[in-house]
6 protein chains.
Amino acid sequence: MRKSNIAVYPGTFDPVTYGHIDIIRRAARIFDKVIIAVAHNDEKSPLFSVGERVSMLKDSIGGLKNVIIDDFDGLVVDYVKGKGASVMIRGLRMISDFEHEFQMALTNRKLSEKIETIFMMPNESYSYISSKLIKEAASLGADVKNFIPKKVQILLKKKLRK
Amino acid sequence: MRKSNIAVYPGTFDPVTYGHIDIIRRAARIFDKVIIAVAHNDEKSPLFSVGERVSMLKDSIGGLKNVIIDDFDGLVVDYVKGKGASVMIRGLRMISDFEHEFQMALTNRKLSEKIETIFMMPNESYSYISSKLIKEAASLGADVKNFIPKKVQILLKKKLRK
Amino acid sequence: MRKSNIAVYPGTFDPVTYGHIDIIRRAARIFDKVIIAVAHNDEKSPLFSVGERVSMLKDSIGGLKNVIIDDFDGLVVDYVKGKGASVMIRGLRMISDFEHEFQMALTNRKLSEKIETIFMMPNESYSYISSKLIKEAASLGADVKNFIPKKVQILLKKKLRK
Amino acid sequence: MRKSNIAVYPGTFDPVTYGHIDIIRRAARIFDKVIIAVAHNDEKSPLFSVGERVSMLKDSIGGLKNVIIDDFDGLVVDYVKGKGASVMIRGLRMISDFEHEFQMALTNRKLSEKIETIFMMPNESYSYISSKLIKEAASLGADVKNFIPKKVQILLKKKLRK
Amino acid sequence: MRKSNIAVYPGTFDPVTYGHIDIIRRAARIFDKVIIAVAHNDEKSPLFSVGERVSMLKDSIGGLKNVIIDDFDGLVVDYVKGKGASVMIRGLRMISDFEHEFQMALTNRKLSEKIETIFMMPNESYSYISSKLIKEAASLGADVKNFIPKKVQILLKKKLRK
Amino acid sequence: MRKSNIAVYPGTFDPVTYGHIDIIRRAARIFDKVIIAVAHNDEKSPLFSVGERVSMLKDSIGGLKNVIIDDFDGLVVDYVKGKGASVMIRGLRMISDFEHEFQMALTNRKLSEKIETIFMMPNESYSYISSKLIKEAASLGADVKNFIPKKVQILLKKKLRK
């Protein structure tokens, strides 16, 4: 019997980076359908609204037919189940990622034994990129064109000017 | 279009542990077909012959219809390509795994950009089990029934008595 | 001559988890008397008051005769000395724990050379549980019965509803 | 041709510790000129003003002829270039340092390929000292004379009393 | 009821270092009786015979009344049980220690649930010392007086000359 | 007064990789003179003789005027002192490097307080390359052109064919 083969890649994407895009491209080659699930995460007060984050993702990965951008609130395992998926994708870059991600994955597994977290590695050129560091650098005037797409760069500049 | 959805799980499996079996079960729920690829690894002088390792794996995962046990020699990326697969599975337990596995995965990616390594996490009850430690403990007389299947235990005892 | 054999297990316990309880049980088997010392930690604005945290601990470890629950403010080494104890217990779960705990233990050793920090490992089933993650998951509606005792669960639900 | 041989050691120094001073002494033995660059970092709301932090550094390393104390705002790579330097020094104490520092160094390298970050190790006696932990301990009444110079200690006490 | 309060500190001690001695002194202040258990470990072909290793330990910790030096072969948990002890001590210096030690401790716990491993931290001055590195340095002609006691130094020189 | 500004970069270089070459180029931009010191390391039985390793390095970094290739036996700190240098360079790629390198650097510092180890980071594209992994991959038939220079590749092939 054929597996459902839908994977969900959840995250805050505040904003999307070349690292995220690299993971998305790799996932899209493995799974029939990849759902990018943008977490509201209001308690973390993201710089961009959930609408802006969804829209920047749509602009950035236009060409990929089997990728869908969505947003969600609440428990990620509930969202994944609701979509009929059984695989969750997480990017792993560094040791600190590793520990936090493992803790989350084991907690999520306890909350829903049927959903499996798999980890993927971005290209080593993106292994050190983080949305947080990019926002910090940009707010100090850095040119961040090597880390995020052109359109995101323009929106980030606008947002930080306010 | 449908993805090929074959994954290869390579390793030495000298011998297979409950940790390996847990990863295999999880992979079998995600992919249409999972090929367990036992590496000859003669230069590491494994305790069990490749035939014995394949046979212990077959005994241990009998019930899984979409899992195939095979052995290989040479570069793992060549083997994976030869099987028409594009996904390689590796279990991640600890930080030391993490670094070594990342180094290998990045090297393999350079050798063949089309093959993607994904990482899976065993149940936390098996997170500390290693074939090496089990062999050491068994050779000192420990009862290793919590770490390996009954049949493997009997074969290990026999092997160590020699 | 007999050692005093009193150990202090300090922490915020906001709230107590099965991981903490596991460490307490193990410590109670080693030492004559174990004092659980709940830190006020007002600057971290804990979710539960110190009174509530002490009370949840009392409910959770009722059966252990040689365990005492107390609270403290100020430097932990001063508290430990005041109790006539010379051993401080800390649970170690992960690498990130490890570094932070070592830094704290070395700093405390400098502040009082006579107090020794020893590290204990919870059962691997609890190795990924953290009070912080449990609060996050519960606030998103997760059923956290696998991580904290029944009574704590009820109090946490009540607290988060406010 | 002779290298310029100026190195910049940037940081928040809130306040300077024996660990920082140890790195400065070691750097001053290697480079012709070492510029200690105190970052304003207003968004982190440091305990001491940038003026106070510069002044404490001046008091602490009086004897070193080839060391200059300065402050800066904005991108560190721009500051380093402006000073005609091509080397940035960072202290490495622990694994957590390591990852964060690598991420920063790789980001900075992308922002300016000409500036090289080098890492130095403090004496192992200072390997666990952090400005953050010292402030926490002092605020709880600890005697922190083993971690910071006398004058800094007096100023820290005064500051915390307010 | 009083706890038995005997602790076993197992190891290869090939040879004993100031790091080991520091852990032994600290353990001797906590427990009524500390048994240093020298593992034969013939398969690792130690440089010193088990007799020599026991004898160097005896010379190095003469003054400690409640410390006993012994040797053992086979499973460490069986040895600990045989001695009527329920606590095993391990020194933790670094991350790599941490992972290996945790794996061993969890394996040992599975082999005997009644024996608890506790971890202690040496003085930071000894945190980087390892028997392996000392032997390497000495074999290249280094003066290793800062790492091992005088008598051990003489024996090591003699041994390496052969 | 001007610093001597000679740095030594010691290693086994069995064989030299693009990662080593990247570190050498970066060091040559910082220091007046960089001495690449090839360790004999006979006890590790390197694949290439010390002469071959020196010669491959010479071929690989021909253009750098201020770089010298040399070989040494014995303690590295003695060699560095003998060359009138006070700085030792080590490349840091990963956490496992980090711990081992720190242990070595602290040991070397104890052996000679005047020699300072500084750490440099290769380009992230080379962060996962290791001589060991390259030899393994090549021996299995992999094309390793992305990891080592053309000439080294040819010599490696020849060596492995024997």
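This is a predicted model: local features need pLDDT of at least 70, side-chain atom pairs count only at pLDDT 80 or more; totals for chains, interfaces and linings use all residues.
I count a residue as buried under 20% relative accessible area, as exposed over 50%, and as partly exposed in between, with a 1.4 Å probe and protein chains only. By that rule I noted Lys110(D), at 36% relative accessibility, as partly exposed.

**Ground rules**

Residues are numbered from 1 along each chain as its sequence is written, chains are lettered from A and ligands numbered from 1 in the order in which they are written, and side-chain values use heavy atoms, with hydrogens and water left out.

I call it a salt bridge when a side-chain nitrogen of Lys or Arg is within 4 Å of a carboxyl oxygen of Asp or Glu. My search of the whole structure gave 72 salt bridges over all chains. I name helices (H or I, at least four residues) and strands (E, at least two) as DSSP runs, numbered from the N terminus.

I looked up Lys110(D) and found a salt bridge with Glu124(F), with the closest N and O atoms 3.3 Å apart. Lys110(D) sits in helix H4 (residues 95-111) of chain D and Glu124(F) in the loop between E5 and helix H5 (131-139) of chain F, so this pair joins two chains. Glu124(F) is buried, at 6%.

I then looked up Glu116(F), which meets Arg29(D) in a salt bridge (3.6 Å, N to O). Why does this pair join two chains? Glu116(F) belongs to strand E5 (residues 116-120) of chain F, and Arg29(D) to helix H1 (residues 18-30) of chain D, so the pair joins two chains. I noted Glu116(F) as buried at 2% and Arg29(D) as partly exposed at 42%.

In chain B I found Asp59(B) and Lys151(B) in a salt bridge (3.9 Å, N to O). Asp59(B) is in helix H2 (residues 50-60) and Lys151(B) in helix H6 (residues 150-161), so the pair ties together parts that are 92 residues apart in sequence. Asp59(B) is partly exposed at 43%, and Lys151(B) is exposed at 52%.

I also listed a network of salt bridges that links Asp22(A), Arg26(A) and Arg29(A) with Arg109(B), Glu113(B) and Glu116(B).

**Entry: aromatic rings**

I pair rings of Phe, Tyr and Trp (its six-membered ring) if their centres lie within 6.5 Å; planes under 30 degrees apart are stacked, over 60 edge-to-face and the rest tilted. The whole structure holds 27 aromatic pairs over all chains. In one of them, Tyr9(B) and Phe13(B), the centres are 5.4 Å apart and the planes at 90°, so I wrote it down as edge-to-face. Tyr9(B) is buried at 5%, and Phe13(B) is buried at 4%.

**Entry: Asn66(B)**

Where is Asn66(B) found? I placed Asn66(B) in the loop between H2 and strand E3 (67-72) of chain B. Asn66(B) is buried, at 17%. A polar atom of its side chain lies 3.3 Å from the backbone oxygen of Asp32(B).

**Entry: strands of chain E**

I take two strands as paired if DSSP finds at least two bridges between them. Strand E2 (residues 33-39) and strand E3 (residues 67-72) of chain E pair in the parallel sense over six bridges. Ala37(E) stands opposite Asp70(E) in E3(E).

Methods:
A polar contact is a pair of N or O atoms within 3.5 Å; within protein, one must be able to donate a hydrogen and the other to accept it, and residues adjacent in sequence count only if both atoms are side-chain atoms.
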